[in-house]
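Student: I have just opened this structure. Can you take me through it in short steps?

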Amino acid sequence: MQILHISKYAHPERGGIETFVKDLSSAQIKRGHEVRILCHQQKTSCKTAITKNNGITITRVRVNCNMAFAPVSFSFASHLRKEISSSPPQVIHLHLPNPAVLFYRSIPDDIPCVVHWHADVHGTPNPCIRALYPFYRFFEQKCLAKADHIIATSPPYLSSSFSLAAWRQKSSVVPLGLDTDRYPSCTQEKSNPPLVLSVGRFAYYKGFEYLVRAAALIPEAKFIIAGSGPEHSRISKEVEKLGLSERVYLPGHITDQELFSLMQKASVFCLPSIDRAEAFGMVLLEAMRYGVPIVSTEISGSGTGWVNEHGGTGIVVPPADSQALKIAIKTIISNPQQAQRYGQAGKAKLENNFKIDQISSQIDDIYQSAITSKHR
């Protein structure tokens with residue numbers, strides 16, 4: 001089968017969607033499919049480039065500017081039409097949110113389109129995004145109307161999404177998945193003192209300031225919060241203000257190898273997000289891969305509490321609550337046997353529910369159904 005993925009960005013750019021598209025595409029190549037990815041360049045200074053990696057052809061289209069954290073490319077529509085006309089795909093897999101919805105009319109009616117709904121845009125507190133959303137929503141809804149099938153990543157997100165409300169009859173849930181073979185075996189010992197790890201883009205919804213404040217209440221542990229983004233400077237100032245520079249480290253962007261090493265050393269992985277812009281938490285699966293017990297937050301309508309099961313794979317606490325984070329983290333690091341049970345349960349849940357081969361098979365079934373329905 002010829003598959004064209006349309007993603008905002010692609011690996012090696014770090015992010016949950018980018019990691020998932022990489023692993024899914026690789027799994028699809030192994031299943032004998034021909035896979036292409038059309039996406040944006042990360043930087044406006046980069047020209048359009050076409051690369052081939054492990055059998056996957058990736059076209060990164062030049063970006064003219066960024067608006068409300070989204071890439072704007074004047075030539076994206078022409079590249080999309082070229083991808084379709086030069087070698088027509090049997091299915092188009094569109095990953096949203098993505099400014100590519102502006103060009104939904106470039107997708108021919110006779111090619112099945114599957115939309116992967118990773119997160120809502122509606123509801124963000126960012127004033128610029130809120131101002132532009134009505135314009136975006138017009139194209140978003142047109143795109144959803146055109147889609148032959150919509151994939152949501154968790155039952156809570158599907159049932160709570162304002163944007164998907166009109167389209168649930170053609171939607172189903174397929175969780176994100178992870179290629180566990182990509183992650184090296186555990187060869188490193190746990191850190192002493194205990195290491196509390198968090199990884200993610202420094203965005204408003206991550207709630208890293210609450211984790212920093214919790215760190216001030218847990219002097220027996222050190223903390224690493226890895227990643228970059230617009231909130232990094234503000235969180236750094238919070239660390240300095242609380243006098244935590246000797247125990248709380250913000251290394252910025254890290255490589256995959258550095259991530260693997262930190263996961264192996266971590267005693268706890270914490271995802272302190274405060275908003276359902278954190279729709280799933282792909283990094284939770286990475287923590288499960290290494291048997292790291294998880295502390296996350298119960299965000300209404302998000303899939304994070306569905307991925308990290310309270311009392312099973314870790315502890316779930318209310319959002320924006322440093323005291324609750326402190327209690328949960330101290331509970332885990334002070335009880336090694338319970339921590340091990342959480343970690344082993346996480347590994348088992350990943351194995352049973354979130355391996356990319358299983359997810360790829362489910363998505364193949366959706367493709368086949370969409371193709372069959374389209375050509376009846």
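Student: Where is Ser163 found?
Tutor: First, some ground rules. This is a predicted model, where local features need pLDDT of at least 70, side-chain atom pairs count only at pLDDT 80 or more, and totals for chains, interfaces and linings use all residues. Residues are numbered from 1 along each chain as its sequence is written, and side-chain values use heavy atoms, leaving out hydrogens and water. Helices (H or I, at least four residues) and strands (E, at least two) are DSSP runs, numbered from the N terminus; Ser163 sits in the loop between helix 4 (155-160) and strand 10.

Student: Is Ser163 buried or exposed?
Tutor: Buried means under 20% relative accessible area, exposed over 50%, partly exposed in between (1.4 Å probe, protein chains only). Ser163 has a relative accessible area of 1%, so Ser163 is buried.

Student: Which side chain joins that of Ser163 in a polar contact?
Tutor: Contact means heavy atoms within 4.5 Å. Ser163 touches several residues beyond four places away in sequence, among them Trp117, Asp120 and Arg137. A polar contact is a pair of N or O atoms within 3.5 Å; within protein, one must be able to donate a hydrogen and the other to accept it, and residues adjacent in sequence count only if both atoms are side-chain atoms. At 3.1 Å, the partner of Ser163 is Tyr133.

Student: Which residue in strand 8 stands opposite His95?
Tutor: Strand 7 (residues 91-96) and strand 8 (residues 113-117) pair in the parallel sense over 5 bridges. Opposite His95 stands His116.

Student: What is the angle between the planes of Phe138 and Phe139?
Tutor: Rings of Phe, Tyr and Trp (its six-membered ring) pair if their centres lie within 6.5 Å; planes under 30 degrees apart count as stacked, over 60 as edge-to-face and the rest as tilted. The structure holds 11 aromatic pairs. Phe138 and Phe139 form an edge-to-face pair, with 5.2 Å centre to centre and planes at 90°.

Student: Is Phe139 buried or exposed?
Tutor: Phe138 is partly exposed, with a relative accessible area of 48%. Phe139 has 17%, so Phe139 is buried.

Note on methods. Two strands pair if DSSP finds at least two bridges between them.
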